[in-house]
Amino acid sequence: MPHRDEQPSSDEAHDPFSALRLADFRRFMGGNLVSVIGLQMQSVAVGWDIYDRTGEALNLGLVGLVQFLPVLFLALPAGHTADRVNRKSILLVCMAAMTTVSATMTWISYTRGPIWGMYACLGLVGMIRAFQQPAKAAIVPLIVPREKFANAVTWSTGGFHLASIGGPALAGGVIAWAGHAWTVYLLDATCAASFMVLLWRMRVPPQQRAESEPGWVALAAGLRYVYQTKVMFAALALDMVAVLLGGATALIPIFADDILKVDAVGYGWLRAMPAIGALLMAFALAALPPIQKAGRALLWSVVGFGLATIVFGVSTHFALSLAALFMIGALDNISVVIRHTLVQTLTPDAMRGRVSAVNSLFIGASNELGGFESGMVAHYFGPVLSVVTGGVGTLIVVGLTALGYPELRRYGRLGGVISPPEKVDTPADVEAAITDTEATTV
């Protein structure tokens, strides 16, 4: 897809702001930044609200489960929809729905409505995100040329983590000031509506529509493509299992209240600290040339993630817990940038929606299902054992992945893996392209 802003790229003339020079990417990133601020605020408020009203770790785990189940069942049809329907239109509908749901949560919280009503709204949030995530991921390659894509991913994740800092800190401050959560839900509704306005102004080039295929053949194409593209499958599976096992963030309300003994503001900063680490890492990755040995960087970053998770689990000091969460976020961001760049650059446009849906499914399994797993273990064995065993499990998974998937160890320069064919249609083509470039990029 031609872009008037395209410029030849080289390591010698690395431009840290190349993606930000694209007007439509700035609109997308700005809208997504505001939207994620609202979503992060909502996440903090929900955790505080439900734990304050019930005092049960299991109920915190259910927050993740009710959001993941819709993704589990809707991810494949949502991905197919993103390849068949205009992606900008999908995002506009999703943000309108998110505005409505957040307004409903405001009313339930204000009237002290039943907890099941809050879970029902969170289930709807999961449904919306099932359709939003593949469309959002697949629209970026349409507005950003290939040679700037890794830079765009770095800035996007940086924006996400900036929102993840501001959202929890703002939510904690609002809750401490107001003494309730409904104001936070109202602010989230406003943020979602703001994203709609910026989306409306974006000029998105036409996408390649997926060919018409019968039923489950079309739906399963993304799963098949990811599984047969070994380096992509290994990266996604590693990230999914590592975050699923090392889901310390889901238990932060318990650590804040029962172990570290901090107030709502301290809780907000605990939630924000992973994002602070991730944001600073994003700035570092944007300033530096593309990672030359991305596979090894991915593996070592997940090792560090597991170790930092263990430190957080055993810590009884607020400062040490903040430092551990900082490292969890910084190291996880390396994994995120590598994984998202790999998924989009190794996927033809007509399949990006379905492959992005599979990626969303992996993310949902790691985040929401990981939160449920952490809550269950914490309920029966305590939060410390839940977090520490998760960190140890992460280290074991890294070792097994490194041994079982040599393709991932050999994955070389980030964003420069494929230089051959203009269009890569089959997993075999992808693997051949990776092999062809390994000798010069690793």
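The model is a predicted one, in which local features need pLDDT of at least 70 and side-chain atom pairs count only at pLDDT 80 or more, while totals for chains, interfaces and linings use all residues. Residues are numbered from 1 along each chain as its sequence is written, and side-chain values use heavy atoms, with hydrogens and water left out.

We begin with charged side chains. Side chains of opposite charge can pair when their charged atoms come close. Here a salt bridge is defined as a side-chain nitrogen of Lys or Arg within 4 Å of a carboxyl oxygen of Asp or Glu. The structure contains three of these. In one of them, Arg27 pairs with Asp24 at 2.7 Å, N to O. Both residues belong to helix H1 (residues 23-54), where they stand three residues apart and are therefore separated by about one helical turn. Helices are DSSP runs (H or I, at least four residues), numbered from the N terminus. An α-helix has 3.6 residues a turn, so residues three or four places apart point the same way.

Asp24 also meets Arg203 in a salt bridge, at 3.6 Å, N to O. Because Asp24 lies in helix H1 and Arg203 in the loop between helix H6 (182-201) and helix H7 (215-219), this pair ties together parts that are 179 residues apart in sequence. Asp24 is buried, with a relative accessible area of 11%; buried means under 20%, exposed over 50%, and partly exposed in between (1.4 Å probe, protein chains only). A further salt bridge joins Arg87 and Asp83 at 3.1 Å, N to O, and both of these residues are buried.

The next feature is helix H4 (residues 115-143), which has 29 residues. From its first C-alpha to its last, H4 reaches 41 Å, close to the 42 Å expected at 1.5 Å a residue; the expected span is 1.5 Å times one less than the number of residues. H4 bends by about 25° at Gln132, and Pro134 follows within four residues. The bend is the angle between axes fitted to the seven residues ending at a residue and the seven starting there.

Two loops deserve attention for their backbone angles. Most residues other than glycine have a negative phi, and most peptide bonds are trans. Arg112, although not a glycine, has a positive phi of about 55°. Arg112 is found in the loop between helix H3 (87-110) and H4, and it is exposed at 53% relative accessibility. Lys261, also not a glycine, has a positive phi of about 60°. Lys261 is placed in the loop between helix H10 (252-259) and helix H11 (264-287), and its 62% relative accessibility counts as exposed.

The number of disulfides (pairs of cysteine sulfur atoms within 2.5 Å) is zero.
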